[in-house]
Amino acid sequence: MVPAGAQTATPKLASGISKLFGPDGLTLANPDHLAHFDSDFQANFGPFNSAIGSQLTSLPLPSPASGFTYTFDSTLGVYTRSAQSYGPLLAERAETIGKEKFFAGFSFQHFRFGTLDGIDLRNFASVFRHIQSTPDPIIKEDVITTKTFVDTQIDQSTAFFTYGLSDRIDVSVALPFVNAKLAVDSTATIQRIGTFDNPKIHFFLDANGNITDHKQFSYSGNASGLGDVLVRVKGTAWKTAPAWLAVGLDVRLPTGDAYNFLGSGAAGLKPWVAVSGRSKRITPHVNVGYQWNGSSPLAGDVFTGTVGHLPNELTYALGFDAGVNKRFSFAADLLGQEVFHSQAVKPITFTAANGAKFADNIFVRENSSVTNGSAGFKVNPVGTLLVSFNVLFQMNDAGLRSRVVPLVGFSYTF
């Protein structure tokens, strides 16, 4: 049996984990007893793909309408800056950029996912059980335990553009370019519960052809390309002296290759509202939206081509941005997602027939709450050029998480 990592045809990233041990599960080397073992890890590790798909629907994009904002001063007959602050980094404010103003920018973010629902992906435990069709009950008592290292990285470079159709309406486009990497390394160990006195029933072969209880399986791959394009329309619906209110709609197009973790594989709609204060220096803001997602192969079966529905989400942001001086502003946010009917991983203890206990993980479907913090600043070195720096950091364990996500970007308003 040739491990997936050694095959000439490298599978796409979405099938890398499921093909790690081969299409028939963990198959051993005894020609007279080609036993194979199955587990929730292989058969049901679709939740990892679903988690990637959900993550790709909600990768935080820099606000495409932050920066310099202008309002028309009817007494002077000119456009003037409406706020000293340059706005939030990963949230939205209610202001628009101004009629016929054009905003262009670029940002880079690096995600390295280390946990799934608090479980360390670099030390993921699984128990493989012997197929139950085997008539001998003693043979079926053997299990195989694995310790698996999963390293998933996504680099997202985003170009975004905003145009002011009027004083109240902006149209934005975000074009993400994604580089995705997946590396998996798993050590399998035969636990001889029923065949402890006969090591020649269940065994692997090492590189020299010798019988062994251990075997290493690995897979690695990477892919690059266009991600899911986002189109946004925002309109300022209500203006008062203390606060403005805007409504918006995000349309996500499934332009990224889902099988290579470049896109979610599903269309998405997100209506949202943003409220922001009107003070010159410190501007509080609140965003609330509902992310509707369509069907994606990442939530289904990547081998058969069946699709499943990616979880819908209620999203929110609560924070402020502050103009420290004319060339520097600071922003901080609490960012949250309520993910409905997502697939989560739960640690359990597997008890073998002889009472031995092994760490295992199972998957369940439940709602989850994902919470992140965000803090960053913008600097205006010259003209209307802005340089941005931000750090996104996790505040709880739910979902597929990267502990810290740095962002660097720049933008210019014409």
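Predicted model: local features only at pLDDT ≥ 70, side-chain atom pairs only at ≥ 80, totals over all residues.

Guide: What would you like to start with?

Visitor: The inside. How many residues does the largest nonpolar core have?

Guide: The largest nonpolar core has 49 residues. Those with the most contacts inside it are Leu26, Phe48, Ile144, Leu182, Phe204, Phe261 and Leu400.

Visitor: Which helix and strands supply at least two residues each?

Guide: Helix H2 (46-57) does, and so do several strands, including S5 (102-113), S8 (124-130), S9 and S10 (169-191).

Visitor: What does the second core include?

Guide: That separate core has 6 residues, including Val127, Val143, Phe350 and Ala352.

Visitor: Change of topic. How many salt bridges does a search of the whole structure find?

Guide: The search finds 10. One of them joins Lys12 and Asp257, with the closest N and O atoms 3.3 Å apart. This pair links distant parts of the chain, 245 residues apart. Lys12 is in the segment before strand S1 (26-27), and Asp257 is in the loop between strand S15 (243-253) and S16.

Visitor: What about Asp151, which residue does it form a salt bridge with?

Guide: Arg122, with 3.7 Å between the closest N and O atoms. Asp151 is in strand S9, while Arg122 is in the loop between strand S7 (119-120) and S8, 29 residues apart. Asp151 is buried, with a relative accessible area of 9%, whereas Arg122 is partly exposed at 29%.

Visitor: How far apart are the closest N and O atoms of Asp213 and Arg192?

Guide: They are 2.3 Å apart in that salt bridge. The two residues are 21 apart in the chain, with Asp213 in the loop between strand S12 (211-212) and S13 and Arg192 in the loop between S10 and strand S11 (204-205). Asp213 is partly exposed at 27%, and Arg192 is buried at 16%.

Visitor: Which residues do salt bridges with shared partners join into one network?

Guide: Glu92, Arg232, Lys234 and Asp250.

Visitor: Now single residues. Where does Thr148 lie, and why does it count as buried?

Guide: Thr148 lies in strand S9 (residues 143-164). Thr148 counts as buried because its relative accessible area is 1%, and the cut-off for buried is under 20%. Its side chain makes a polar contact with the side chain of Ser186, at 2.8 Å.

Visitor: Last one. Where is Ser279?

Guide: In the loop between strand S16 (268-277) and strand S17 (282-293). Ser279 is partly exposed, at 35% relative accessible area. Ser279 and Pro242 are 37 residues apart in sequence, and their C-alpha atoms are 7.4 Å apart in space.

Technical notes
Residues numbered from 1 in each chain as written. Heavy atoms only, no water. Helix = DSSP H or I, 4+ residues; strand = E, 2+ residues; numbered from the N terminus. Buried < 20%, exposed > 50% of the residue type's maximum accessible area, 1.4 Å probe, protein only. Polar contact = N/O pair within 3.5 Å; in protein donor to acceptor, adjacent residues only side chain to side chain. Core = buried A, V, L, I, M, F, W, Y, C linked by side-chain atoms within 4.5 Å. Salt bridge = Lys/Arg side-chain N within 4 Å of Asp/Glu carboxyl O.
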